[in-house]
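Take a look at the structure below. A short walk through its chains follows.

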Amino acid sequence: MTALSNTWFAERLGDHAIHSQYLEDHHPTHMPCLEIRRLDWAHAAEEAKRLDMRLVAVWATEAGKHDVDAEGKRALYTYMAFAHPEHRHALLRTELSAENPEIHSISNHYISASRMERNIQDLFGIHVIDTPDNRQWLKHEHWPEDAYGLRHTFDSKTPLLSDPERAAIDYEYVPCDSECAYEIPVGPVHAGIIEPGHFRFIAVGEKILNMEERLGYVHKGIERAMKGRTVSEGLKLAARVSGDSTVGHAWAFAQACEYAANIQIPSRASYLRGVLCERERIANHIGDIGAICNDAAFAFMHIQCSRLREDMARLNKGIFGHRLLMDSLIIGGVAHDISPIMCQKIIQQTRDIADEVERLRDIYADTPSIQQRVIGAGIVSIDDAKDIGLLGFAGRASGHYPDERIEEAYAPYDELDIAIPEGKLGGVSTRVWVRFEEIAHASRMIIAWLENLPKGDIQTPWIAPEAGISGFASIESWRGEIAVWARFGANEKIDRYFVRDPSAINWLGLELAVRTVPVPDFPLVNKSFNCSYSGNDL
Amino acid sequence: MLRILHQIFKVGTITEPLAASNQFELLGSQLNAAIKQQFQGSLAIRLVDAGSCNGCELEIHAANNAYYDIERFGVHFTASPRFADMLLVTGPVSINMKTALEMTYDAMPAPKLVLGMGDCAANCGVFGKDNYAIAGNVSDIIPVDSIVHGCPPTPTDLIQGILATLQS
């Protein structure tokens, strides 16, 4: 971690006559927030694209209660965050006109911005100019037209009632007029034990021509529910943005708060956070590899993998108090210290599981029935992956390698030499290969940390920042980068929480991957991404 | 193939035996008896995630793993509500999932048993009832026979919940 202010992006923007002003109330300084003029918004995104930066997120916020102007009005802001492999993250902010809030779309430069811009329209009522897709996203059709969930004037405390006149309105799916093609609607309630969402397939014969996602079914108002919580109450909520990446989400939230408050956690705590996060990575990869094989009727792998996953859950319960590691992080550190005996137990299990996985991997690689299904299925090309900014293992399978453990190099990853598997073919088999590799790498990391676990405290006392201070953090969860921006309000409470789960971007990857794939292969391809519905819908 | 067989024999049977004093197994045998008596040995469950964080789904998957092997008691998860004896609901009910939940419930045949799984199903959990995007907990939307608490409930808790629903 460096304390130096990162001026690279501001200078590049300056080269193109985009004036930017550094905002003092944003932390950390190596991921600065710059205020730009509204007129420069789309131009700045264009420059970022030219600089080969990756779009992290686009979001909006109202000024906090502490920031109300003399007439009692609150300013509206939009933010966008970019990341560069060498020059890290930079945030841009601009203020919108209060009477007529509108902003130019940047979807022409970054297609992944489209759904995020639709969320801005849905939850703030900000008009996005020149957007390629004007349909509602999280705000389903039955919501009353004037319901904007994140505006302070909106009554967020009572359940929203459907507008009976709007209940019959259908979402406009991409149509297909061909007589040879037919539509298959699936969901929101799916056939298995999974989350809800709607998929609309347009198929010709057996092959998928186009698949369109309609998500938002599990929208739980998480961003709004965070408002007014203390950091410890907030952490409990953040840990449940997506249950399978509870460590990743809790870490991202905690780190954003810790950056905002300018506190540094003890190195023992950061080592333990690393152990928790990598255990989560291993458990999810193992579970998913089993499930992918199960979708291709290779039940043996599924049974073996779910056995290993259960072994991990049981040790998690014994040592960290929760089978899925929920609430194992606290603000300023971690909740549980571990004794040398526990440390040995984790090391032993990590070794055992890594060995077992290698054995299973050999069997998987030598079984033609599964190999025939996974090789060449569900390909996302390198160009497409770069275009949408595909994250995590899915990106790494498609020749796009953003990994915050290396780029942002936050503790404890700054002390390790991290190898990332560099896949190129971008199909199901490559994603499985990347996952196998990551299990091996994560195992080595866990053992390296635990063998050199520093002594000392596991928590730094929390001192809340002043009202108006914001922090931004980016954590590499098992699924990919989780970005969190949090601003503090009065009385040490959280005033605004924005989170971007990697699924918000990787869902686009799935849409691209299933084109020309036979319909029965969809579950296989879907499982190889395993995007979170809850993390996307918030 | 030899390696597959080798792996299978090396791991052996890990499913925990019924006679053990283990709480799960005791529950299992009671559940087995209840399902035999009431459903002729087969209880079909349809899961609806009405807004969960997916933590509950992970534990339902775990209940199907070789350690717990919930299927040996006659419990299996079905794809259609049309032949489901029980509806298992996770999560607070989001306003966007309310209609889908009601439709699934309506599509079920009698006796329409309903089990709410997790603190969210019970009382909306960390997401809160005072939330615009949440229509309410499960019993606010459809009749519920029993609730299993936990965040998320463990596979053992789930078995207990299914048993309690059958006994209710």
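How many helices and strands does chain B have? Chain B has seven helices and seven strands. Both kinds of element are DSSP runs numbered from the N terminus: helices are H or I with at least four residues, strands are E with at least two. This is a predicted model, in which local features need pLDDT of at least 70 and side-chain atom pairs count only at pLDDT 80 or more, while totals for chains, interfaces and linings use all residues. Residues are numbered from 1 along each chain as its sequence is written, and chains are lettered from A and ligands numbered from 1 in the order in which they are written.

Stay with chain B. From the N terminus, its elements run α-α-β-α-β-β-β-α-β-α-β-α-β-α. Its C-alpha trace spans about 55 × 35 × 35 Å along the principal axes. Of the 168 residues in chain B, 51% are buried. A residue is buried if 20 or more other C-beta atoms lie within 10 Å of its own, exposed if 12 or fewer, and partly exposed in between, with C-beta atoms placed from the backbone. Two residues are in contact if their C-beta atoms, placed from the backbone, lie within 7 Å. In chain B, 77% of the contacts with a separation of 6 or more join residues 24 or more positions apart.

Now turn to chain A. Chain A has 17 helices and 16 strands. Its C-alpha atoms fill a box of roughly 70 × 70 × 50 Å along the principal axes. Buried residues are 56% of the 538 in chain A. Among its contacts between residues at least 6 apart in sequence, 69% join residues at least 24 apart.

How is chain A divided into domains? The assignment gives domain 1 (8–129) and domain 2 (222–537); such bounds come from an automatic or database domain assignment. The centres of the two domains of chain A, taken over C-alpha atoms, are 27 Å apart. At their meeting place, 26 residues of domain 1 of chain A are in contact with 28 residues of domain 2 of chain A. On the domain 1 side, β4(A) supplies the largest share, six residues.

Next comes the nonpolar interior. A nonpolar core is a set of buried Ala, Val, Leu, Ile, Met, Phe, Trp, Tyr and Cys residues joined through C-beta atoms within 7 Å. The largest one has 213 residues, and A:F253, A:A256, A:V484 and B:V89 touch the most other members. Helix α7 (residues 267–295) of chain A gives the largest share of this core, 13 residues. Both domains of chain A contribute residues, so the core lies between them. Beyond its neighbours within four places in sequence, A:A256 is in contact with residues including A:G471, A:V484 and A:W485.

Finish with a sheet. Three strands of chain A form an open sheet in the order β9-β10-β11, with antiparallel pairing. Strands pair if DSSP finds at least two bridges between them. The edge strands, β9 (181–186) and β11 (207–214) of chain A, each pair on one side only. Strand β10 (residues 198–204) of chain A pairs with β11(A) over seven bridges. One bridge joins A:V204 to A:K207 in β11(A).
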